[in-house]
Protein chains: 2
Amino acid sequence: MDKFKIAIVDDHQLFRDGIHSLLSKQDNFEVVISSENGKDFFKKLKKGILPELLLLDLTMPEMNGFEVLLKLKKKYPRIKAIAISMHDDGNYIMQSIRGGAYGYLLKNADEEELLLAIDTVLKGNKYFNQEISQRMINIMSLEGVSPKKLSPKEMEILKLIADGQTTKEIAQKLFISTRTVETHRNNMMKKLEVKNTPELINKAAQLSLL
Amino acid sequence: MDKFKIAIVDDHQLFRDGIHSLLSKQDNFEVVISSENGKDFFKKLKKGILPELLLLDLTMPEMNGFEVLLKLKKKYPRIKAIAISMHDDGNYIMQSIRGGAYGYLLKNADEEELLLAIDTVLKGNKYFNQEISQRMINIMSLEGVSPKKLSPKEMEILKLIADGQTTKEIAQKLFISTRTVETHRNNMMKKLEVKNTPELINKAAQLSLL
DNA sequence: AAAAGTATCCGTATTTATACGGATGTTTTT
DNA sequence: AAAAACATCCGTATAAATACGGATACTTTT
């Protein structure tokens, strides 16, 4: 009976080797690609080596995991990716899911959980443990009913506010009217559903906008 | 020639085994303790098994790495600890150092760096790589010249401010005068060296006070 | 092409924060 | 025991944010 083909993309060889070693002990898995970066991975895909599942580190130099996810979704939509990250930050998790990840694991997951995640995703399901799910819920509730992005100008003004600048100081710095600054501030408050500026800064920090 | 005695404390067996395996390949190291928690570790120390160096996970259930550090410093000051963590947050790093850690590694460090850290610390030096050092510097500059802790009342008020409450609302909620709230806010701003409330919230978020 | 978003700016008014200064009494630290 | 920190509260004044409302023109999205 054929084994499931697995790919690993991670810039740390120690980690890749550890996973490779673990999966080699299983009867039903075979590591067919072990790449240290996304470019190498796609190069191997192009050669016709197609895994069913990818274990993907998010934090890599040059081409990060999110970029790999997006490209994978476009070019090889049948390959299912499980994101693996050091970061338990809800924003990372949400970005992975929006990028098409089928699962999310922290790098300190034990081998039992790793194998369970692989099994779950190979069956076509998504894998997020209790803690990860909780963080997703937290971020979703933080983002509000209809999450909205801040415009470039809003981001610029947000940072200046967070740095302690007053509306007058920001207006002078950006060569715009104080009323313009007020309008942007008000629009941000509406977008993030907060009632005043301290809460805006707090929420922006929680959403990793700062 | 005698080997250096190393202890490992981490709740993930996969990680402990990986480190154990790696160190076993080295001629000059010997893993004498491999514990899944601090309690087991101290129990083994009590039996007279004394390593020169400890590789210590910070995030563990029940007795976390910081508690282990503090107890180690008191009871076995000759044992040098290297903190190992998923978190690259400067606050974790600073807390480790203040707790007596001789080094700090991220869990995704490669084997070369791990061995270098161990060597460095066994020689009596401290090991912090460039990135970790940078984060320390960032936090130190955030904390200002003379870092001050916020009092319990200040913390309470800080959270309410971050939640979008006005001075009047906080006063009503805590059954104190608005002037009292104003004084606390002003004192916090002085302690954290900021110029207004948005900057206070931003800095508090950066210092993980929220 | 139409709608929505972005970036700009305004009048008027009220609320809130900040800035000076001050104070007392209790608790904790030195 | 003395000093410092904490928690409480005040008068007066100014600055800043917020709250209502409104607007134009350009760019992007639908």
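Modeller: L207(B) is found in the segment after helix α10 (197-206) of chain B; helices (H or I, at least four residues) and strands (E, at least two) are DSSP runs, numbered from the N terminus. This is a predicted model, in which local features need pLDDT of at least 70 and side-chain atom pairs count only at pLDDT 80 or more, whereas totals for chains, interfaces and linings use all residues. Residues are numbered from 1 along each chain as its sequence is written, chains are lettered from A and ligands numbered from 1 in the order in which they are written, and side-chain values use heavy atoms, with hydrogens and water left out.

With a relative accessible area of 12%, L207(B) is buried (under 20%; exposed means over 50%, and partly exposed lies in between, with a 1.4 Å probe and protein chains only). Its C-alpha atom is separated by 27 Å from that of K74(B), a residue 133 positions away along the chain.

The loop between α9 and α10 of chain B holds E193(B). This residue has a positive phi of about 55°, although it is not a glycine. Most residues other than glycine have a negative phi. E193(B) counts as partly exposed, at 42% relative accessibility.

Where else is a positive phi of about 55° found in a residue that is not a glycine? F175(B) has this value, and F175(B) sits in the loop between α8 (167-174) and α9 of chain B. F175(B) is exposed, because its relative accessible area is 76%.

Side chains of opposite charge can pair when their charged atoms come close. Such a pair is counted as a salt bridge when a side-chain nitrogen of Lys or Arg is within 4 Å of a carboxyl oxygen of Asp or Glu. In α9 of chain B, E182(B) and R179(B) lie three residues apart, about one turn of the helix, and they form a salt bridge whose closest N and O atoms are 3.8 Å apart. E182(B) is partly exposed at 39%, whereas R179(B) is exposed at 56%.

A second salt bridge joins K191(B) to E154(B), at 2.8 Å from N to O. E154(B) is buried, since its relative accessible area is 5%.

K107(A) lies in the loop between β5 (103-106) and α5 (111-122) of chain A and D57(A) in strand β3 (residues 53-57), so the pair ties together parts that are 50 residues apart in sequence. K107(A) is buried at 14% relative accessible area, and D57(A) is likewise buried, at 3%. Together with D10(A), these two residues are linked in a network of salt bridges. Over all chains, the count comes to 22 salt bridges.

Finally, how are the chains related? Chain A can be laid on chain B with an RMSD of 0.1 Å by a turn of 180° and a shift of 0.0 Å along the axis, which means that the relation is that of a two-fold axis. Copies are superposed by least squares on the C-alpha atoms of residues with pLDDT of at least 70 in both. Among the residues of chain A, P198(A) comes closest to the rotation axis, with its C-alpha at 2.4 Å.
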